[in-house]
Amino acid sequence: MPVLVSICLIVGLAVLRNRSRTLAALLATMPINLPLGFWIVYSGGADQSDMSNFARSALVALVPTFVWILAVLFLLRAGWTLWPAMLGGYVAWLVLVGIMFAVGWLHL
């Protein structure tokens with residue numbers, strides 16, 4: 001199922017990219033992995049408390065993703081090409097994830 005959803009997303013983005021950048025961005029940022037993650041955790045016998053903790057962790061873990069997008073945006077505006085800008089975004093993401101683990105906002 002995840003493979004079929006991925007294929008549909010790729011086809012949808014290819015169609016929408018020239019028609020509406022906004023719709024393409026909405027499609028690209030749809031919560032696809034989150035429902036899969038919730039389902040996998042729930043299927044492992046998680047109780048309501050476990051699911052609540054997973055949801056909280058997922059919310060906190062979105063912050064580095066927003067930072068990734070901001071870093072890519074700023075680097076592209078600074079004239080970087082796509083691949084180096086995305087790599088720079090991953091560096092920013094990794095640094096923030098490391099900080100979040102160090103201060104205890106994320107736990108293993």
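**View A. Ser52 in helix α4.** Ser52 is partly exposed, with a relative accessible area of 46%, where partly exposed covers the range between buried, under 20% relative accessible area, and exposed, over 50%, computed with a 1.4 Å probe on protein chains only. Ser52 belongs to helix α4, helices being DSSP runs of H or I with at least four residues, numbered from the N terminus. From Ser52 to Gly104 the separation is 52 residues in sequence and 18 Å in space, C-alpha to C-alpha. This view, like the others, shows a predicted model, in which local features need pLDDT of at least 70 and side-chain atom pairs count only at pLDDT 80 or more, whereas totals for chains, interfaces and linings use all residues. Residues are numbered from 1 along each chain as its sequence is written, and side-chain values use heavy atoms, with hydrogens and water left out.

View B. The largest pocket has a volume of about 670 Å³; a pocket is an open set of points on a 1 Å grid over the protein atoms alone, where a 1.4 Å probe fits and protein lies on both sides within 12 Å along at least five of seven lines. The volume is the space filled by probe spheres set on the points, with grid points joined across faces, edges and corners. Lining residues, which have an atom within 4 Å of a point, number 20 for the largest pocket, and Met30, Asn33, Leu34, Leu62 and Thr65 lie nearest its centre. Helices α3 (33–43), α4 (48–77) and α5 (82–103) each supply at least two residues of this lining, and the largest share, nine residues, comes from α4. By class, the lining of the largest pocket holds 16 nonpolar, four polar and no charged residues, where Ala, Val, Leu, Ile, Met, Phe, Trp, Tyr, Cys and Pro count as nonpolar, Asp, Glu, Lys and Arg as charged, and the others, Gly among them, as polar.

**View C. The second largest pocket.** The second largest pocket contains about 250 Å³ of space, and its lining is made up of Thr29, Trp68, Ile69, Val72, Leu73, Leu76, Leu82 and Met86. Helices α4 and α5 each supply at least two residues of the lining of the second largest pocket, with α4 giving the largest share, five residues. Seven of these lining residues are nonpolar and one is polar, while none is charged.

**View D. The largest nonpolar core.** Trp68, Val72, Leu75, Ala85 and Met86 are the five residues of the largest nonpolar core, a nonpolar core being a set of buried Ala, Val, Leu, Ile, Met, Phe, Trp, Tyr and Cys residues joined through side-chain atoms within 4.5 Å. Helices α4 and α5 each supply at least two residues of this core, and α4 gives the most to this core, with three residues. Leu75 touches Trp80, Ala85, Gly88 and Gly89, not counting residues up to four places away in sequence, where contact means heavy atoms within 4.5 Å. In soluble globular proteins, nonpolar side chains tend to be buried together.

**View E. Aromatic pairs.** Two aromatic pairs are found in a search of the whole structure; rings of Phe, Tyr and Trp (its six-membered ring) pair if their centres lie within 6.5 Å, and planes under 30 degrees apart count as stacked, over 60 as edge-to-face and the rest as tilted. The rings of Phe38 and Phe54 have centres 4.9 Å apart and planes at 90°, so this pair is edge-to-face. Because Phe38 lies in helix α3 and Phe54 in helix α4, the pair ties together parts that are 16 residues apart in sequence. Phe38 counts as partly exposed at 28% relative accessibility, and Phe54 counts as partly exposed at 26%. The rings of Trp68 and Tyr90 have centres 5.4 Å apart and planes at 55°, so that pair is tilted.

**View F. Met100 in helix α5.** Met100 has its place in helix α5 and counts as buried, at 2% relative accessibility. Not counting residues up to four places away in sequence, Met100 touches Val60, Val63, Pro64, Trp105 and Leu106. Met100 and Ala61, which are 39 residues apart in sequence, are 9.0 Å apart in space, C-alpha to C-alpha.
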